[in-house]
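Please consider the following notes on the structure shown below. They are arranged as numbered points and may be read beside the sequence.

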Amino acid sequence: MLIPAEVLGYEKLLRMCWLKSLRRFLSVATLVFNAPVMLHGQVTPTVPDWALPGSATHEQVPPPADFHRASRVLPTPIGIFDGQADVGGALVPGSASYDPATKQYAVTSAGYNIWYQRDEFRFLWKKMSGDVSLTADASFPNPKGYDDRKVVLIIRQSLDDDSKEAMLGEHGSGMIHLAQRSERGTQMTDMQFRFGGILDGVMAKHIGIQKHGDEIAIFASLKGEPLHQFGPPITVHFEAPFYVGIGFCSHLPITTDTAVFSNVVLKNAAGKAE
């Protein structure tokens, strides 16, 4: 049976219209599903898969080797520090406040981690040179925060996200360790003298980090005993001036949490961890 040419032409026209509509639908769907989500009238940032926290169904992995995000720097003094910064420009900006009456610092931050070859955290810093001793008490007001959130006492060469650094990290679980990024852009490492299981749920009463020449050591008082050195020192060379201070990371890319630092003592000398 022969089909008139005009009928074939009409069917072809319908098919072309259908395909055009399908392409338009797919284009709109792509925009919708890839666009940031509106939540309570605000845009929720899109989180890269590598930045999602580890879970039973997901493993956090290092960022792409060439991934960077500029730090947001506020060079306004706060307490004993020269300024503060969102190192690595976390997707949700952090904040910090200082109470002169209690001499406490409240540091709020999101941020996927302080690890791998780049960091995201709120950092209260002071530019220094020579030997340094920094001690503090730290606490987490929210008892239900992510276990791997961490407060840090840290020495950094710069405010860039991939800076050379040495840090004392105290996690929400109570684990304490000394870690380093020995050169800019390299992977963080630690000496594996981590204090985990036995400290689960037990937060150190007092913590400290000390730079003596190129040697960096950490100190702790777990239950109120005198502050004492934890493990051997590491060797990291910093060019003067460098940045020393306190920081916090929620370990959740777009969810903020808060840490409180008190009894913060920063001295331009070694052997003064108090």
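1. F140 and F248 are both buried, where buried means under 20% relative accessible area, exposed means over 50%, and partly exposed lies in between (1.4 Å probe, protein chains only). The model is a predicted one: local features need pLDDT of at least 70, side-chain atom pairs count only at pLDDT 80 or more, and totals for chains, interfaces and linings use all residues. Residues are numbered from 1 along each chain as its sequence is written, and side-chain values use heavy atoms, with hydrogens and water left out.

2. A pair of aromatic rings is described by the distance of the centres and the angle of the planes. Rings of Phe, Tyr and Trp (its six-membered ring) pair if their centres lie within 6.5 Å; planes under 30 degrees apart count as stacked, over 60 as edge-to-face and the rest as tilted. By this rule there are nine aromatic pairs. One of them joins F121 and F123, whose ring centres are 5.5 Å apart with the planes at 45°, so this pair is tilted. F121 is buried at 1% relative accessibility, and F123 is buried at 0%.

3. F140 and F248 also make a tilted pair, with 6.1 Å centre to centre and 55° between the planes. F140 lies in the loop between strand 10 (132–139) and strand 11 (150–156), while F248 belongs to strand 18, so the pair ties together parts that are 108 residues apart in sequence. Helices (H or I, at least four residues) and strands (E, at least two) are DSSP runs, numbered from the N terminus. A further group, W50, F67, Y112 and Y116, forms one aromatic cluster.

4. In which order do the eight strands of the open sheet run? The order is 3-4-9-18-11-12-13-14, and the pairing is antiparallel. Two strands pair if DSSP finds at least two bridges between them. Strand 3 and strand 14 (189–190) are the edge strands, each pairing on one side only. Strands of a sheet pair through backbone hydrogen bonds, either parallel or antiparallel.

5. Strand 4 (residues 83–87) deserves attention. Strand 3 (residues 72–74) and strand 4 pair in the antiparallel sense over three bridges; here V73 stands opposite A85, and R72 stands opposite D86. Strand 4 also pairs with strand 9 (residues 121–128), again in the antiparallel sense, over five bridges. In strand 9, F123 is the bridge partner of A85.

6. Is strand 4 mostly covered or mostly open? Strand 4 is mostly covered, with five of its five residues buried. In a regular strand the side chains alternate between the two faces of the sheet.

7. Most residues other than glycine have a negative phi, and most peptide bonds are trans. A cis peptide bond joins A240 and P241, with omega about 0°; P241 is found in the loop between strand 17 (228–235) and strand 18 (242–249).

8. Which phi does H251 have? H251 is not a glycine, yet its phi is positive, about 70°. H251 sits in the loop between strand 18 and strand 19 (252–267) and is buried, with a relative accessible area of 3%. N263, also not a glycine, has a positive phi of about 50°. N263 lies in strand 19 and counts as partly exposed, at 48% relative accessibility.
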